Structure formats: structure tokens, C-alpha cells
Amino acid sequence: MIEARHLRVLRAVAATGSFSAAARELGCTQPAVSQQMKALEASAGTPLLIRTGRETRLTQAGEVLVRHASGILAGLTAAEEEVAAIAGLRAGRVRLVSFPSGSSTLVPSALAALRAAHPGTRVSLVEAEPPRSVEMLRDGDCDIALAFRYGAATAEEWDDLVVRPLLIDRLVGLVPEGHRLAESGTVDIRDLAEESWIAGCPRCRRQLVDVCEESGFTPRIDFATDDYPAVIGLVGAGLGVAVLPELAIASVRPKGARTVTVEPAVEREIVALTLPDLARVPAVAATLDQLAGAAARN
């Protein structure tokens, strides 16, 4: 295998015409230059230099190697500089995937802070709910997945990932302004057993059904949508009640609807996920830090 350090020595010998002059240019000894040239010729499998008295000439193979050496060394230098820029957060790219309510609340603040601190780092954003977002991370389609889970029962599904806890997001009730419980501070979910329900994303929908069934009833879901503003709009129009994460409500003005605290409390854990190797990439680590900072400010 031809090594870059040997190419640098060969180029110096070709430029100066002797081992001693090349040694002075490179800041090393003449025996060191001779040793590296022998190693390079052994790697190439053919002589590269012809020494006749005080003159050192390139063989045809040596001329070919010198001709390519400049491009190889220039490319290597460019690669080293680019890697150093990424390591120093002067450059870099992070692919982030987030669920919608995280995209509208945590992500903007985090990315604004990241840009201010490291303007050379670029972040792309796409939206997906877990578990799809987690699949994208494992498949190599993103570097960080902003995700959530209800309870600790599913904790093992992330055992192979680096989990950065961000915050606990409580679900709150949402009822029309004229609803009989609109002025209540706290509502037992059983008091909503006979209501028409509006459900959110599939995972939140399953959680709603589980909680209601644990409280002794099955919710009558008349409307279901992944769009949180649509859920709020339907509630505001008097078409039913809902439970939504506080993050979802934080980004939308609930016109025509009131929020109430629902018991028993239902909480979801918001986390940022990445792969162990990616966690050591400076741009990914910086983005994780800024997401944690945004959660602390929330």
C-alpha cells in the first residue's frame, strides 16, 4: 500500500534532485529519506529512482507516481481540512426527524440556538411519528429522532440507542367553551365517558383507548386526525372532546376550546434518540445539547 508520507518524500526528491536536498526541505535526515524511498519502491514493486553519482532521476514509474502525487496529496489535504472543520463545528450536517408537536415547539428554539453558536452546521428536518421515526434512525435515514413514549413498558425498544431525556409532557383535556365542564379545574376522565371523542395520532389514539378502558369505559371516537390543529378546531366547533399533549396545544391557539386537567394523569416522555457512534459526532452532540436546552426553556 502506498502511503501519503512516502509520496511527499518522492515529490521532494523529484523537485530538489537529491536525497540530501529533499531531507533539508522536509526537515529530516538523508538516511530517513533513503529509507522511505526504499519502502515506497517496495510498495510499488518497481524502481522509482535512478541514482547516478550526484544525480537522482525518476524512472518511468517514478514519473507516473509523481504526476499523480500532487492530486492525491491535494485531495488528502482538502479531506483533512474538511474533517477538521466538521470536528471543530465549523461545518457539518445533521438530519433531524421529529413528530409534529415537537417540530413546532422544541425544534425551532433548538435550531436557532445551534445556528447562533455554530453557524457552519446545517440541519435538515422532516416529520414522522414514532415508531416510524425510530425506524428511520436505525435505517440510516436520519441522525437524530425526536420521539416520545408512554410509560416505561416499552423502554426496551430503545435499548440499542442513545436516549437523551428532554421533558415529561402531560396530556390535558380539551372541551368546547360552552361545555358543562369547561370551567372545571380538574376533570375525572370518567366524567367524559358519554362524550363524542376526537382522537389524534395512532399512538396517542391507542393510549387514549387504554386509559379510558382502565377507567371503565370505551371512548366513542367519532373523528380521528393526525393534525393537532384540526383536533382543536373540531373541539372548538363543539363536535367533541379530546386529550392532547401540552406541547401540541402550546403551538396552537385553542379558539373556541378550553383546557382542563384530566385525572388520572397521563404523561409521555419526550426524548431525543441517536445511535451510539453518531452520539460522538460533534454536530450531532451539539444538536442534542440544544434540544435539551430548548426543553429546559419550554
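Guide: Let us begin with the cysteines, bearing in mind that this is a predicted model: the structure holds zero disulfides. Cys212 is accordingly in no disulfide, and the nearest cysteine sulfur, that of Cys204, is 13 Å away, whereas a disulfide requires two sulfur atoms within 2.5 Å.

Visitor: Is Cys212 buried or exposed?

Guide: Cys212 is buried, because its relative accessible area is 0% and the cut-off for burial is under 20%. Cys201 also counts as buried, since its relative accessibility is 0%.

Visitor: How many residues does helix H7 have, and how far does it reach?

Guide: Helix H7, residues 202-214, has 13 residues and reaches 18 Å from its first C-alpha to its last, close to the 18 Å expected at 1.5 Å a residue. After H7 comes Gly216, whose phi is positive, near 105°.

Visitor: Which residues of H7 are buried?

Guide: They are Arg203, Cys204, Gln207, Leu208, Val211 and Cys212. Because these residues cover an arc of only 165° around the axis, they lie on the same side of H7. The elements they pack against include strand E5 (144-150), helix H8 (228-236) and strand E12 (267-274).

Visitor: Which strands pair with E12, and in what sense?

Guide: E5 and E12 run antiparallel and are joined by six bridges, with Arg268 of E12 as the bridge partner of Tyr150. Strand E6, residues 162-176, also pairs with E12 in the antiparallel sense, over eight bridges, and here Arg164 stands opposite Ala272. E12 is mostly covered, with six of its eight residues buried.

Definitions and conventions:
Residues are numbered from 1 along each chain as its sequence is written. This is a predicted model: local features need pLDDT of at least 70, side-chain atom pairs count only at pLDDT 80 or more; totals for chains, interfaces and linings use all residues. Side-chain values use heavy atoms; hydrogens and water are left out. Buried means under 20% relative accessible area, exposed over 50%, partly exposed in between (1.4 Å probe, protein chains only). Helices (H or I, at least four residues) and strands (E, at least two) are DSSP runs, numbered from the N terminus. The expected span of a helix is 1.5 Å times one less than its number of residues. The arc is that of the directions from the helix axis to the C-beta atoms. Contact means heavy atoms within 4.5 Å. Two strands pair if DSSP finds at least two bridges between them.
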